[in-house]
Amino acid sequence: MVPPIPWRERSFRFDLPIGLFPAVWSRLAGLPPRAAELVAGQPAAALAARPGGQWSLLDHLGHLAELASLDEIRLEEFLAGVSPLSAADPENRATWAAGYDRLAAEEVIARLRAGRRRLVARLAPLAAEDLARTAVHPRLRQPMRLLDWAWFVAEHDDHHLAHAALLLSPAGPGAALQA
């Protein structure tokens with residue numbers, strides 16, 4: 001299997017039409033069931049394995065759960081007109097420290113589901129004017145609209161789901177790269 005591009009090497013164009021927000025919202029809302037399907041029926045050892053000292057499947061999902069608080073902060077910043085947005089921790093220290101690889105998959109999914117429910121509930125009633133609000137992303141150093149940020153979050157979700165799936169694939173754990 002082709003290894004995914006490392007997240008920090010990705011480049012982004014933020015030019016989606018506002019009318020694509022329902023599809024972006026649907027992707028965001030669909031993360032918990034997709035994650036639950038990925039872990040269903042898998043042995044706990046496979047979900048917790050950290051090949052080469054990299055993240056386990058549970059670490060990848062836990063990382064997405066961990067980011068719920070940053071997502072909430074950034075949403076508030078967009079709505080309040082704050083720019084640049086709050087920065088993420090590039091070392092992902094909270095994810096490493098959380099020990100997701102030692103938790104039951106159901107617990108990790110529950111945390112992921114809770115955080116994502118809060119985000120999609122807050123996004124659902126936004127008007128086109130809200131989605132068009134802009135702020136500078138701190139790492140990318142480029143302006144993005146709230147719609148673009150929501151799409152960026154969905155892309156990040158898919159990035160980690162792909163890494164998690166690779167850990168279970170016949171291609172083996174060596175196919176997955178640390179994000």
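1. Two strands pair if DSSP finds at least two bridges between them; strands (E, at least two residues) and helices (H or I, at least four) are DSSP runs, numbered from the N terminus. In this predicted model, β1 and β2 form a hairpin with four residues between them. R141, in the turn, has a positive phi of about 55 degrees.

2. T134 stands opposite R145 of β2.

3. On conventions: this is a predicted model, where local features need pLDDT of at least 70 and side-chain atom pairs count only at pLDDT 80 or more, while totals for chains, interfaces and linings use all residues. Residues are numbered from 1 along each chain as its sequence is written, and side-chain values use heavy atoms, with hydrogens and water left out.

4. Helix α2 (residues 31-39) and α9 have axes (lines fitted to C-alpha atoms over the stretch in contact, with angles from 0 to 180 degrees between N-to-C directions) that come within 11 Å and cross at roughly 5 degrees. Therefore α2 is roughly parallel to α9 (angles under 35 degrees count as such).

5. The contact (heavy atoms within 4.5 Å) involves L31, R34, A35 and L38 of α2. From α9 come D157, D158, L161, A164, A165 and L168. These residues divide into seven nonpolar (Ala, Val, Leu, Ile, Met, Phe, Trp, Tyr, Cys and Pro), three charged (Asp, Glu, Lys and Arg) and no polar (the others, Gly among them).

Technical notes. Angles under 35 degrees count as roughly parallel, over 145 as roughly antiparallel, 65 to 115 as roughly perpendicular and the rest as oblique.
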